[in-house]
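Take a look at the sequence and the model below.

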Amino acid sequence: MKSLKENGFIKKLIDNEKKIIEGIVVSIVGAFAITSLFTQSFNYLTDRTYAANTSLVKTIIILIIALVLMGVIYFINQMWARLAMLVFVVAFFLVVGYSSTTLIGGTATVNPIAQECFLALSGFLAVIAFLYVKNDVYKIQEKLKIGNKTMIAYTVLVGIFLLVVTTVIGVFKYASFSAPTADFGIFSQAFEYMKQTGECKTVVERGYELSHFAVHFSPIFYVVLPIYFVFSRPETVIVIQSIMVALPVIPIFLLGRQFKLSDKVTMVIMAIYALFPATVGGILYDFHENCFLTFMLLMLIWAVEKKKNITAIVFLVLTFMIKEDAAIYVAILGLFWLVSRRSRLRGLIAIVSSGIMYIISTTVIKSFGLAALDNYSLDTVRFANLLPNEQSSMFGMIKTFITNPGYVITQIVSNAPGENIQMDKIGFIIAIFVPLGVLLFSVGRKYSRFILLGSIVLFSLMTTYVYLHNIGWQYNFGHIALMMYLIILNLSDMKFKKQRTLVVSSVIICAIMFVGLMLPKCSQYINTYNQNSDKIEQINKAIDKVPNDKSVFTSYMIMPHIYKNLECYDIGVGDPATNQKYGTPEYTDYLVVDPNADQTAQQRFNTLIGSGRYELVYEGKSKGSSEVVVKVYKLAK
């Protein structure tokens, strides 16, 4: 009698043990992903009762069919089965990621960073699936030939993708009356002011007529003003920002060539930039001069690495024209170039010129008088937690760094008083570092590269000013440029096999976090526009009743749409007495009243209407409803 090991069938099972186990695992994992996609259970992430309300028999039948399908594919071609498993798993985590917005308003709100944690975990699991089949992926990738024309076409397509996504979000947010005075109304009025008068002024930034240069030094606006002259619409301002968010794919392409990265790796880096949540997140509120930072800084970096001195000077000047704190980013680059010995002379020039430019820009800001007018200081607002007392200047922050470094470190995870349960910094750290972490921290022994993370530590993590550590605000555009540079530097030191593994792992996490955190914004504002089309029509009709040369008081969401009136004031901005002190009229020619405006605006409207000086000239109601959505009053003669 033969032993079991000598039995042909058993011997065959033993010899193929690894393949059999793999086939079972691949089939089960792929089948569960297929089943979840087919049943759409991903739409019920916060519904504990889903299992009780769905048919277990039906789900098991689908699961068995999917298991058989995956098993057949594995039997025919093992590689294609593994790849199919990867596709289904990644697809599952993408749709789950998109549905994860329900975590914000569901039972998971006990964890204020539930969505960020969930997306990070989903990305981690998807990467595990990729790492298991990466050799199969590489076999297919090696067969793909990327020519110069293909590379250029891909670069253009990534740029178009960013242009379309950011434009759709921005335009529909504006068209649906979801873009408020701060900050879109400020810039829509500022561009119109520049067109009509040549001066970059607004009457809504502080509640009275004031140069924007009293708040920020941003002559870069005059560089793009010709575009606004041709297309004089607030939507043009949105498109300008979208173009600036899309353009960085060009210097990423150029830097990839400069550091001799393969075109395939460079293509993935472009995808990482496009899908990194903070890239699109920077346009959500709503337009800012910061949008110029990523492109200008990356072009400056490329010019310095390429030793194109004239080009470097051009982009150095353009960077300084963006905003006063742009000098800090240039100084960080200069310090890195100096310490790393990549370009000591250029590094020294960058540091010295940054110091000079920062002094010039802040002097210009002070010369416009805002600090004297209302004792306003960005430094004391944004870095109050690092100042020894309320009377301290920025030198006080330096004193804090020297005398109490332990306290400084605690601020990296500390929030502003009253916001300690929001965990906003932890959520920010997850959203920023989880997608890029494997690339940012693979510096080997070249620790000087960590200098490039200095801006994000200083501007975003050290402060308790909540907007500076939020991927949905504009303050990350400069960080992104330095992080892309750091990523390219790190990859240039690696062998190709390691490069492709890290960039693909990163882009998978970026994609999952992008569809969860950013993609829903497109549908959100489109849906808002469609659902409120009647109300929007009435508000637009009301705005048409106001002549362009008249003064207007209106509220937060309507103000950006009355952009042609240089004396269109947001009635809720500032204190009426202070505003009038600096030239704001007590009574404007028109009032455009939104009944849903905040309480402060309503009280001020009621005071003006109650004065008896105004007469009602238009009242807009929703179709088929008695709901009043807008009123227009005219100052009686």
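Which helices do the buried residues of H12 pack against? They pack against helix H8 (148-175), helix H11 (234-246), helix H13 (263-275), helix H15 (293-306) and helix H25 (477-492). The model is predicted, so local features need pLDDT of at least 70 and side-chain atom pairs count only at pLDDT 80 or more, while totals for chains, interfaces and linings use all residues. Residues are numbered from 1 along each chain as its sequence is written, and side-chain values use heavy atoms, with hydrogens and water left out.

Helices (H or I, at least four residues) and strands (E, at least two) are DSSP runs, numbered from the N terminus. Helix H12 spans residues 249-258. Its buried residues are Val 249, Pro 251, Ile 252, Phe 253, Leu 255 and Gly 256. Buried means under 20% relative accessible area, exposed over 50%, and partly exposed in between (1.4 Å probe, protein chains only). After H12 comes Lys 260, with a positive phi near 60 degrees.

Next, a helix with a bend. Helix H23 (residues 424-440) bends by about 45 degrees at Phe 433. The bend is the angle between axes fitted to the seven residues ending at a residue and the seven starting there. A proline, Pro 435, follows within four residues. H23 is largely enclosed by the rest of the structure, because 13 of its 17 residues are buried.

Now a helix pair. The axes of helix H17 (residues 326-339) and helix H18 (residues 344-367) come within 7 Å and cross at roughly 155 degrees. Axes are lines fitted to C-alpha atoms, for helices over the stretch in contact, and angles run from 0 to 180 degrees between N-to-C directions. H17 is therefore roughly antiparallel to H18; that term covers angles over 145 degrees, while under 35 is roughly parallel, 65 to 115 roughly perpendicular and the rest oblique. Contact means heavy atoms within 4.5 Å. Among the residues making this contact are Ala 327 and Trp 337 of H17, and Arg 344 and Tyr 358 of H18.

Finally, two single residues.

Leaving aside neighbours within four places in sequence, Gln 189 is in contact with residues including Lys 201, Val 203, Met 559 and Cys 568. Ala 636 touches Arg 613 and Tyr 614, not counting residues up to four places away in sequence. The C-alpha atoms of Ala 636 and Glu 619 are separated by 17 Å.
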